Amino acid sequence: MDSYHSNRASWAAGLLSPLSPTTIESLEARSRDVQERTFCKWLNTKLEANGYPPMTSLVKDLSDGVRLIQLMEIMGDTSLGRYNKTPKMRIQKAENVNKALEFITSRGVKLTNIGPEDIIDGNLKLILGMIWTLILRFTIADISEEGLSAKEGLLLWCQRKTEPYKEVDVQDFSLSWSDGLALCALIHCHRPDLIDYDKLDKTDRHGNTRLAFQIAQDHLGIPQLLEVADLCDTQHPDERSVMTYVAGYFHAFSSMEQTETVSRRVEKFAELMQSVWVSRNDYERRVRELLRSMSEMRTNWAAKSFVGTYADARQHAASFQNYKQTTKRAWVTEKQDVTTLFGNVQTKLKTYGLREYVPPAGLSLSDVDAAWNLLLKAEAERSKAINAEIRQIKENLRRKFADLANDFERRLRLISTELVSIEGPLEEQMEQVREIQTRMPALSDSLHVVAAAEDECRDANVDENDYTVFTVEDLRFEVELVSQSITKKIAGCVIQIVSRNMTNLTPAQLEQFESTFRYFDKDESNTLNQSEMTAALASLGIVYSDEDMDLIYDQLMQDYGAVTFEAFINLLVDIMEDQTSPAQLRESFRGIAGDKPYVTELDLRVAHLPASAIEFLRQAMPSSTNDVGEPEYDYERWLDEVFEQDGL
């Protein structure tokens, strides 16, 4: 700490020795000089601002009362009436001064121990006291900070503004301002663009003070009432002069803050009105669009029509469902948003006591509610129309399928009835059956139409149908039964015709051969393929080599075109006549059985009979069970039943 700051701290703490009377008188004289200069400059700012020439000496220039009256008119913002503008005599000067003093008193300013003669005679001490009273009344008295006024309020204001600056400690209006940092801090606090406080040389008291004076005068309009020496080169800067000068900072910055406050108020109001304007436009635009969209949707629904198919109705239903899950939900949100937006606008206007917002005709919230109710009504009608269309289409599909299915079953039943009622000679029956058979493909093809109708019902989720008891599967099964009946009828006629013509076979043989043919005709086609024919012959005890069987089968195919029952019977007749007698067949079974009176399944397998022939013989031959539970087949008895006894 330098000697200056050390002495400053000591003075503040009252640690230095009491001042001598001579020193005190010297300080008072210096204070009067500083005050006279400062107060004169302060008064000149008032005069020059109103077009009056500046004063050079308080004692001389105030002595005739003219300047004092001018100053009172300026400070009081009023006219004091007629006065002597060029007084020559003392009485005239006294009248002027007395007029000014009476005005001061009328404004509630208490003047002590001063009269017109003191001013006329140039009593500097009393004149300075009067001017200080005026400064207090017209410059400092209106300062207020947290309930404090005048000196205390100004001091508190300075303390609050400079508190963030650690090098500044404002405790008074004297030593606290002697290094210029408090002034720089006040400027930086309000106008950081004018001064870089951090870059100041904190030890350069004169430089900092000079910088503050210059910036305050050039940029803030604060006249330089003091000299640098008035603050930096004295142990006790004059308090009244410092207060007068610092008060200029308060008023400058308060005016700035007031201007800023007014500007902020106007700016805030402008922002509010702009916000209200934007919100109103946004509200009207969104409401207008919402109303248009809802109206357009109602119009679209009213214009829509159905084509009568389930797919079309489902498309309408899907589109309507999509509307409810997307568009409608967006509209619900938008309706709530515009309601909130409207409320926000009204709240802002009410907060500032402004006239409430009335939307244009057709755009009020009640208009939105009315349009929304119309939409809900149209929506309900649309839903009913779609559901009714789907129900009607399902009903039509039920009737369509039922009509087709019932008609198909009726036609099939007529064919079945016609087939059962066939009578007469076998050849005529054959012709009638084959004629019926030619009609079956067309009938079977028409089942596809019924199946397509059933598919339509299935696609439309139509499960129940009170108009018919038939399904496509039912009809397909019945078609198969009728086809089998036709095939069996034809086979029966063929067998009967063949049996009638085969006079060289006994009835028992014909019955045995017929049952064998039917057994091995697995596909009921009234024909045998080569493997079926081989098995059938083997079941009758007739076994050929593969080469011989190929030749036999090829010959039958060449002669008959297929191994029909007629071809099979003729083959057996040829075999019975040319190769095998009942005695030979019995001998063949004895050979397979090893001369036993019975044959086992194992005997048949060892003889390499086809599995189908073995299965047939097991079912055809009488059997009994031996001691170990195995079946024994009585071929002797079976052959006795098949052939006449005389032929054995």
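# Exercises on a predicted structure

In this predicted model, E473 counts as exposed, with a relative accessibility of 55%. The exercises below begin with this residue.

**Exercise 1. Determine which residue E473 meets in a salt bridge, and how the two are placed in the chain.**

Step 1. The side chain of E473 meets that of R476 in a salt bridge, at 2.9 Å from N to O.

Step 2. Both residues belong to helix 16, which covers residues 472–501. They are three residues apart there, so about one helical turn separates them.

Step 3. The cut-off for exposed is over 50% relative accessible area. E473, at 55%, is therefore exposed, whereas R476, at 38%, is partly exposed.

**Exercise 2. State where R410 and D407 lie, and classify each by its relative accessibility.**

Step 1. Helix 14 holds both R410 and D407, three residues apart, or about one turn of the helix.

Step 2. Their side chains form a salt bridge with an N to O distance of 2.6 Å.

**Exercise 3. Explain why the salt bridge of K400 and E456 ties together separate parts of the chain.**

Step 1. The side chains of K400 and E456 meet at 2.9 Å, N to O.

Step 2. K400 is in helix 14 (residues 365–420), while E456 is in helix 15 (residues 426–459). The pair therefore joins parts that lie 56 residues apart in sequence.

Step 3. K400 is partly exposed at 40% relative accessibility, and E456 is partly exposed at 33%.

Step 4. A network of salt bridges links D282, R285, R286, E334 and D337.

**Exercise 4. Describe the largest nonpolar core and the contacts of Y249.**

Step 1. The largest nonpolar core comprises 78 residues. Those with the most contacts inside it are L58, M72, W177 and Y249.

Step 2. Helix 12 supplies the largest share of this core, ten residues.

Step 3. With neighbours within four places in sequence set aside, the contacts of Y249 include W157, L183, L186, I187 and I222. A212, A216 and S254 are also in contact with Y249.

Step 4. Another core, of 60 residues, lies apart from the largest one. Among its residues are F320, V338, A371 and I422.

**Exercise 5. Identify the residues of the nonpolar surface patch, and locate F269.**

Step 1. F269, M273 and Y352 make a nonpolar surface patch of about 250 Å².

Step 2. F269 is part of helix 12, residues 239–303.

Step 3. The relative accessible area of F269 is 36%, which means that the residue is partly exposed.

**Exercise 6. Decide whether G180 is buried or exposed, and name its contacts.**

Step 1. G180 sits in the loop between helix 8 (150–162) and helix 9 (181–190).

Step 2. Buried requires under 20% relative accessible area. G180 has 0% relative accessibility and is therefore buried.

Step 3. Beyond its neighbours within four places in sequence, G180 is in contact with R205, N208 and T209.

Step 4. From G180 to T351 the separation is 171 residues in sequence and 46 Å in space, C-alpha to C-alpha.

**Exercise 7. Relate the spans annotated in UniProt to the helix content of the model.**

Step 1. An unreviewed UniProt entry lists a Calponin-homology (CH) domain at residues 33–139 and 148–254. Residues 33–139 are 65% helix and 0% strand, with end C-alpha atoms 21 Å apart. Residues 148–254 are 56% helix and 2% strand, and their end C-alpha atoms lie 16 Å apart.

Step 2. The unreviewed UniProt entry also places a coiled-coil region at residues 376–407. This span is 100% helix and 0% strand, with 46 Å between its end C-alpha atoms.

Step 3. An EF-hand domain is annotated by UniProt, again in an unreviewed entry, at residues 508–543. That span is 64% helix and 6% strand, and its end C-alpha atoms are 21 Å apart.

Conventions:
Residues are numbered from 1 along each chain as its sequence is written. This is a predicted model: local features need pLDDT of at least 70, side-chain atom pairs count only at pLDDT 80 or more; totals for chains, interfaces and linings use all residues. Side-chain values use heavy atoms; hydrogens and water are left out. UniProt positions are given in the numbering used here, feature names are shortened, and annotations may be inferred rather than shown by experiment. Helices (H or I, at least four residues) and strands (E, at least two) are DSSP runs, numbered from the N terminus. Patches are made of residues with over 30% relative accessible area and no salt bridge: like charges are joined within 9 Å, nonpolar side chains (Val, Leu, Ile, Met, Phe, Trp, Tyr) within 5 Å. Accessible areas come from the Shrake-Rupley method with a 1.4 Å probe; for residues, only the protein chains shown count as cover. A salt bridge is a side-chain nitrogen of Lys or Arg within 4 Å of a carboxyl oxygen of Asp or Glu. Buried means under 20% relative accessible area, exposed over 50%, partly exposed in between (1.4 Å probe, protein chains only). A nonpolar core is a set of buried Ala, Val, Leu, Ile, Met, Phe, Trp, Tyr and Cys residues joined through side-chain atoms within 4.5 Å. Contact means heavy atoms within 4.5 Å.
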